[in-house]
Amino acid sequence: HILTAPEHESASRIAGAVMGSPLAQAVLEPATLREHEIHWSFGGRSCVSHLDALATERYVVELKVTNCAHPEKFAWQARRMGYIAQCAFYAEAAKVDAAYIVAVEDKRPWPVTVLRLTPRALTDGLKQCRLWMERLLACEAEDAWPGYCQSVVDLDTLDDGEFALEFGDESEAA
């Protein structure tokens with residue numbers, strides 16, 4: 001990998017923040033396998049998972065660099081980016097029932113947050129993975145790759161600034 005001097009400096013600061021975090025080290029120290037690759041099968045499909053860290057027979061650890069490691073904001077990002085499903089997928093691959101995310105900000109002062117996925121989060125994440133795999137297999141079997149929506153979607157704002165979506169029927173596309 002080729003890094004510019006600023007990229008190297010940033011990566012060094014981020015790594016230093018993780019190494020200097022007692023909470024991060026508490027989950028990373030027992031993880032004897034780093035950047036571990038697992039070949040396995042999921043939903044009848046051969047898969048390869050690349051784990052950041054694995055505490056054998058205990059838990060997986062996923063490292064994430066983010067612009068905000070505040071727990072409430074990062075939880076939203078984790079859901080949006082599929083990190084919960086990713087951790088559940090990796091836990092299934094490693095045959096463990098626990099997972100952590102170590103989130104570190106990419107800017108000074110490089111705060112680090114350690115999040116432990118609850119059993120419910122892992123169950124929900126694995127359900128999402130199964131749904132995605134079923135969709136993939138169905139699309140492959142039919143050689144049909146539909147878009148996100150089959151109708152026009154109304155985009156509106158609510159009083160609190162949030163968005164509301166309403167799905168119409170296909171006849172409204174004209």
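Colleague: Which residues form one aromatic cluster here?
Modeller: That would be W40, F42 and F89, which form one aromatic cluster. Bear in mind that this is a predicted model.

Colleague: And how many aromatic pairs does the structure hold?
Modeller: There are five aromatic pairs in the structure. One of them is W40 with F89, a tilted pair at 4.8 Å centre to centre, with 55° between the planes.

Colleague: Where do W40 and F89 lie?
Modeller: W40 is in strand β1 (residues 33-42) and F89 is in helix α4 (residues 83-94). The two parts are 49 residues apart in sequence, so this pair ties them together.

Colleague: Is W40 buried or exposed?
Modeller: W40 is buried, because its relative accessible area is 13% and buried means under 20%. F89 is buried too, with a relative accessible area of 17%.

Colleague: OK, new topic. What sort of aromatic pair do Y59 and Y100 form?
Modeller: An edge-to-face one: Y59 and Y100 sit 4.9 Å apart, centre to centre, and the angle between the planes is 70°.

Colleague: Which strands are Y59 and Y100 in?
Modeller: Y59 is in strand β3 (residues 59-66), while Y100 is in strand β4 (residues 99-105). They are 41 residues apart, and the pair links distant parts of the chain.

Colleague: What about Y59, buried or exposed?
Modeller: Y59 is buried, with a relative accessible area of 6%.

Colleague: And what is the relative accessible area of Y100?
Modeller: For Y100 the value is 15%, and Y100 counts as buried.

Notes. Residues numbered from 1 in each chain as written. Predicted model: local features only at pLDDT ≥ 70, side-chain atom pairs only at ≥ 80, totals over all residues. Heavy atoms only, no water. Phe/Tyr/Trp six-rings, centres within 6.5 Å; stacked < 30°, edge-to-face > 60°. Helix = DSSP H or I, 4+ residues; strand = E, 2+ residues; numbered from the N terminus. Buried < 20%, exposed > 50% of the residue type's maximum accessible area, 1.4 Å probe, protein only.
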